[in-house]
Amino acid sequence: MESFPANARDALRDAELGRALDNMAETIGQRRRTAVATIGPESWEALRTHARAIKDATLARLDVYLEEFVRNAEARGTKVHWARDANEACELIAGLAEAHGARTVVKSKSMTSEEIRLGDRLEGGGLRSVETDLGEWIVQIAGEVPSHIIVPAIHKTKEGIARLFHDKVGTAADADAEALTAAAREVLRDAFAEAEVGISGVNFAVAETGTFLILENEGNARLTTSLPKVHIALMGIEKVIPRFEDLGVFLQLLPRSGTGQHLTTYQTLITGPKSDPDAEGPEEVHIVLLDNGRSRFLSREVTRQSLACIRCGACLNVCPVYQSVGGHAYGSVYPGPIGAVITPQLSGIGKAQHLPFASSLCGACREVCPVRIDIPGLLLDLRSQVVEEGKEPGSGAVRVPGSTPPGPRRAERVAFAFWAFVVGGPRRFAWAGRLGRLGQRLIARGGRIGRVGGLLGRLAPPLAAWTEARDARPLARRSFREEFRRRQGR
Ligand code: SF4
């Protein structure tokens with residue numbers, strides 16, 4: 001995440017990635033629009049408002065709802081654990097798996113487990129940890145990390161996956177999608193049969209019943225949570241909602257926004273372990289409630305809204321930056337617009353200083369977000385924090401309070417002092433305009449200011465950076481005042 005600009009440049013040169021991302025933007029975007037249309041624009045907007053109101057009300061009394069959830073979950077036999085940070089959560093889960101003599105654990109897709117790098121901790125402790133979501137399994141055998149919240153292997157083309165399976169599983173180099181899926185199924189079924197522990201994420205947890213819900217399309221989460229004797233669920237503390245009926249709101253929004261489905265193929269509701277020894281299902285259900293920096297978000301209204309996110313991924317699919325560079329360039333488990341606001345808050349602004357700037361602020365993310373998170377507003381807030389902490393994007397150093405500001409800051413201050421002087425008087429402003437129009441003759445071509453290089457680029461580096469990938473409009477031949485006077489005279 002500290003090298004986003006360099007990662008992004010590399011990603012832009014990757015033709016296969018470009019093809020995969022173009023494909024994603026087209027297919028998922030179209031599916032989402034079709035699915036949303038089935039509800040109708042007014043009802044859709046009303047649902048978004050309702051969902052956000054539920055989230056706001058919950059976050060305002062998060063402690064109360066979490067305690068209610070814990071009471072009701074424990075009353076139904078679920079064992080609840082609290083984890084302050086990633087390390088505590090990993091130790092807890094690894095400890096539970098080891099205590100049950102596990103050698104193999106199966107995992108269903110969970111971004112929270114990616115956030116705490118649970119797979120590494122389990123493998124490091126000698127356990128075999130198998131991802132069972134097809135996309136997650138593909139990135140696992142490729143030795144990579146997911147590049148999308150919902151579609152982990154979206155950065156790969158079908159041909160790339162066929163090559164990978166050929167190397168790792170021995171399928172034909174030109175195997176089609178059906179053959180690839182069948183090969184994956186064979187490996188994963190064995191893992192399900194062997195696993196002593198299943199680990200899942202959580203989409204929503206209902207305070208009034210102690211139930212939690214997992215949404216998925218492949219049936220792997222249902223197998224993960226029902227075949228092994230022990231099920232451990234990992235959940236960020238923001239996933240709790242007050243009432244069972246609230247699920248009706250989110251179930252209309254999440255699948256439509258995420259994959260363009262009316263409803264996911266499976267919805268698994270879990271309220272404690274099995275009560276009858278002869279019934280199917282786990283003998284023990286554990287849930288780990290993870291903070292890992294989330295409670296810090298609660299202190300300010302602007303950052304609190306990040307906790308309303310339901311991880312649908314819609315903001316990634318419409319973001320022009322994500323569509324161009326993909327998820328790995330962000331260097332974070334959470335990529336795209338929501339990643340650019342969550343990651344700096346989770347890992348500290350010093351480690352993710354570039355991410356709030358990885359946006360054109362076009363506002364497409366805010367338009368599609370089913371819970372109306374003002375992502376551009378959050379990005380601006382984080383940008384101001386980067387500047388206030390004295391950490392210039394690209395400077396690579398945090399300024400020690402009281403020390404001399406680094407070079408780019410001084411240049412910026414001089415530039416703004418000059419600007420303030422120029423705009424402080426109408427004559428000065430008019431003269432600056434005339435000088436600007438004269439000067440731009442050196443760089444304007446065909447009515448546009450294109451790439452600014454050479455001496456001028458070196459004298460004013462921001463000018464060169466700005467025009468490296470886009471044209472700028474030159475100043476008009478006459479200023480508004482000059483034009484106004486001219487027309488009046490006429
Ligand atoms: S910020 Fe909104 S659009 Fe983006 S993943 Fe979260 S809920 Fe979905």
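Okay, two housekeeping points. What we have is a predicted model, so local features need pLDDT of at least 70 and side-chain atom pairs count only at pLDDT 80 or more, while totals for chains, interfaces and linings use all residues. Residues are numbered from 1 along each chain as its sequence is written.

Let's start with the overall picture. The C-alpha trace of the protein chain spans about 95 × 55 × 50 Å along its principal axes. The protein chain has 24 helices and twelve strands; these are DSSP runs, H or I of at least four residues for helices and E of at least two for strands, numbered from the N terminus. Of its 490 residues, 37% are buried. Buried here is 20 or more other C-beta atoms within 10 Å of a residue's own, exposed is 12 or fewer, and partly exposed is in between, with C-beta atoms placed from the backbone.

Now contacts, meaning two residues whose C-beta atoms, placed from the backbone, lie within 7 Å. Among contacts between residues at least 6 apart in sequence, 72% join residues at least 24 apart.

On to the inside. A nonpolar core is a set of buried Ala, Val, Leu, Ile, Met, Phe, Trp, Tyr and Cys residues joined through C-beta atoms within 7 Å. Which residues of the largest one touch the most other members? Out of 104 residues, they are Ile93, Met235, Val288 and Cys315. Helix H5 (residues 86–99) gives this core its largest share, seven residues. Leaving out residues up to four places away in sequence, Ile93 touches Leu118, Ile199, Ile232, Leu234 and Val288.

Cys315 brings us to the ligand, as one of the closest residues there, along with Cys309, Cys312, Ile338 and Cys369. The ligand is surrounded by 14 residues, where near means a C-beta atom, placed from the backbone, within 6 Å. That shell has eleven nonpolar, two polar and one charged. For those classes, Ala, Val, Leu, Ile, Met, Phe, Trp, Tyr, Cys and Pro count as nonpolar, Asp, Glu, Lys and Arg as charged, and the others, Gly among them, as polar.

Next, have a look at helix H4. In H4, Tyr65, Leu66, Phe69 and Ala73 are buried. Seen down the axis, they fall within an arc of 100°, so they line one face of the helix; the arc is that of the directions from the helix axis to the C-beta atoms. Exposed on the other side of H4 are Asp63, Arg71 and Ala75. And what do the buried residues of H4 pack against? Among the elements there are helix H3 (41–60), strand S1 (79–83) and strand S10 (284–290). After H4 comes glycine 77, with a positive phi near 95°.

H9 can be read in a similar way. Its buried residues are Ile161, Ala162 and Phe165. They sit on the same side of H9, because they cover an arc of only 105° around the axis. Glu159 and Asp167, on the other side of H9, are exposed. Helix H8 (134–141) and H10 are included in what covers the buried residues of H9.

Last stop: the loop between helix H9 (158–168) and helix H10 (177–194), where we find aspartate 176. Is aspartate 176 buried or exposed? Aspartate 176 counts as exposed, because it has 11 C-beta neighbours inside 10 Å.
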